[in-house]
Amino acid sequence: MRTHRIAAIPADGIGPEVIDAGLEVLDALAGRAGFALDVTRYDWGSARYRRLGTMMPQDGLAQLRSADAIYFGAVGAPDIADHITLWGLRLAIAQGFDQYANVRPTRILPGITSPLSGVTAADLDWLILRENSEGEYAGQGGRSHRGLPEEVATEVAIFTRAGIARIMRYAFAEAARRPRRHLTVVTKSNAQRYGLVLWDEIAAEVADAFPSVTWDKELVDAMTVRMVRRPASLDTVVATNLHADILTDLAAALAGSIGIAPTANIDPERRFPSMFEPIHGAAFDITGKGIANPVGALWTATLMLEHLGEAAAAAALMAAVEQVCAAGITTPDLGGRATTREVTRAVVAAVRGANLPD
Ligand code: ATP
């Protein structure tokens with residue numbers, strides 16, 4: 001039997017609630033779909049930081065190295081600065097394993113209503129690709145003269161030809177695989193005239209190698225308007241680390257809730273394990289209340305299964321999630337009354353009834 005090694009890092013806030021839901025559903029699915037999951041759970045995160053002063057052990061990346069995939073919850077704690085929790089764990093893994101392609105599909109699932117009036121599933125079906133290794137989150141910068149009136153801080157965005165070219169190639173290739181074969185390249189090259197002009201130039205170079213893909217460019221501010229006013233004009237989208245971070249939160253909200261949106265942090269060359277996580281954060285306001293929406297973590301699990309070569313299981317899980325949403329079994333963020341447990345149990349039942357090849 002095929003066995004996939006999964007490193008589970010539930011971490012903070014609602015992370016453990018939604019990752020537990022995901023692991024329960026994956027367990028039910030694995031039995032039916034003819035593979036096994038060998039799950040190792042890591043208690044890294046803010047609680048560890050309070051105890052030991054670091055979010056993960058020094059040899060954390062070495063511990064994860066042999067996993068086939070990382071299933072990640074969320075980081076953040078009300079009493080610890082966000083940049084410590086984020087850089088100490090999630091970004092340390094994403095950068096350490098050079099997971100340069102951040103993949104974020106957005107669709108309106110059955111039974112879910114978009115806050116955009118009249119917009120249906122046929123109008124909003126996007127794949128947003130975020131550069132995940134450099135740009136505005138490269139980690140370059142510093143602070144001098146701390147606390148003095150002349151204090152200075154720099155936050156340097158880094159754009160490299162290699163970094164832009166590889167995410168552009170990934171984006172055009174993904175666009176070529178989708179039925180509409182259209183890519184929108186998001187920039188801010190009117191104001192940011194070095195890094196993002198390079199971004200534009202490389203987009204045009206890479207486009208030549210993908211004649212089947214039509215493409216256009218959009219400035220990031222105009223892009224927010226286009227997402228709201230003309231969602232059907234978009235298909236595949238590629239943007240920098242910061243721009244796509246913001247645009248994908250908007251995308252998730254337009255598709256119904258941030259609680260349903262998935263992410264894959266991919267190393268396309270498969271030198272390192274890739275990492276799969278819901279888009280949402282730790283959500284302290286609902287932590288421990290049992291009402292966290294597990295759909296983001298479950299949709300994320302389908303991306304992980306696809307990456308592991310389990311396409312049939314991924315499709316069955318997505319169908320099960322859609323069936324449960326369509327039946328109106330949803331958490332309060334989607335206007336429903338179900339708890340995390342109830343949604344999870346309904347998806348497990350749907351998975352058990354799924355028609356799967358052995
Ligand atoms: P981050 O900076 O890590 O993205 P954040 O604090 O900006 O985190 P979230 O933690 O994602 O944002 O929470 C934003 C809002 O969305 C909160 O009101 C939260 O309760 C809600 N939310 C996020 N995830 C879920 C979920 N899975 N189910 C229900 N509500 C959610």
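**Group meeting: a walk through the model**

Okay, let's start at Gly 96: leaving aside neighbours within four places in sequence, Gly 96 is in contact with Leu 61, Leu 91 and Phe 272, where contact means heavy atoms within 4.5 Å. Before I go on, this is a predicted model, in which local features need pLDDT of at least 70 and side-chain atom pairs count only at pLDDT 80 or more, while totals for chains, interfaces and linings use all residues. Residues are numbered from 1 along each chain as its sequence is written, and side-chain values use heavy atoms, with hydrogens and water left out.

Back to Gly 96. You'll find Gly 96 in helix H4, residues 82-96; helices (H or I, at least four residues) and strands (E, at least two) are DSSP runs, numbered from the N terminus. With 32% relative accessibility, Gly 96 counts as partly exposed. On that scale, buried means under 20% relative accessible area, exposed over 50%, and partly exposed in between, with a 1.4 Å probe and protein chains only. From Gly 96 to Ala 301 you go 205 residues in sequence and 22 Å in space, C-alpha to C-alpha.

Let me pick out some polar atoms here. One oxygen-to-backbone distance is 2.8 Å, from an oxygen atom of the ligand to a backbone N or O atom of Ala 283. The side chain of Asp 285 has an N or O atom 2.8 Å from an oxygen atom of the ligand. A polar backbone atom of Asn 293 sits 2.9 Å from a nitrogen atom of the ligand. A polar contact, by the way, is a pair of N or O atoms within 3.5 Å; within protein, one must be able to donate a hydrogen and the other to accept it, and residues adjacent in sequence count only if both atoms are side-chain atoms. As for cover, the ligand has 620 Å² of accessible area on its own, and the protein covers 61% of that. Those areas come from the Shrake-Rupley method with a 1.4 Å probe, and for residues, only the protein chains shown count as cover.

On to the aromatics. How many aromatic pairs does the structure hold? There are four. Rings of Phe, Tyr and Trp (its six-membered ring) pair if their centres lie within 6.5 Å; planes under 30 degrees apart are stacked, over 60 edge-to-face, and the rest tilted. Take Tyr 42 and Trp 44: their ring centres are 4.6 Å apart and their planes are at 50°, so that pair is tilted. Tyr 42 is buried at 13% relative accessibility, and Trp 44 is buried at 4%.

Then there's Phe 172 with Trp 215, centres 6.0 Å apart and planes at 75°, so we call it edge-to-face. Phe 172 is in helix H5 (161-177) and Trp 215 in strand E9 (214-219), so this pair ties together parts that are 43 residues apart in sequence.

Next, two buried polar residues. Asn 102, in strand E4 (101-107), is buried with 0% relative accessible area. Its side chain makes polar contacts with the side chains of Arg 104, at 2.8 Å, and Asn 265, at 2.7 Å.

Thr 240 sits in the loop between strand E10 (236-239) and helix H8 (241-254), and is buried too, at 0%. A 2.7 Å polar contact joins the side chains of Thr 240 and Glu 136, and the Thr 240 side chain also reaches the backbone nitrogen of His 243 at 3.3 Å.

Last stop, backbone angles. Most residues other than glycine have a negative phi. Ala 11, though, has a positive phi near 60°; Ala 11 belongs to strand E1 (2-11) and is buried at 17% relative accessibility. Arg 270 has a positive phi near 55°, lies in the loop between strands E11 (262-266) and E12 (274-278), and is exposed at 53%.
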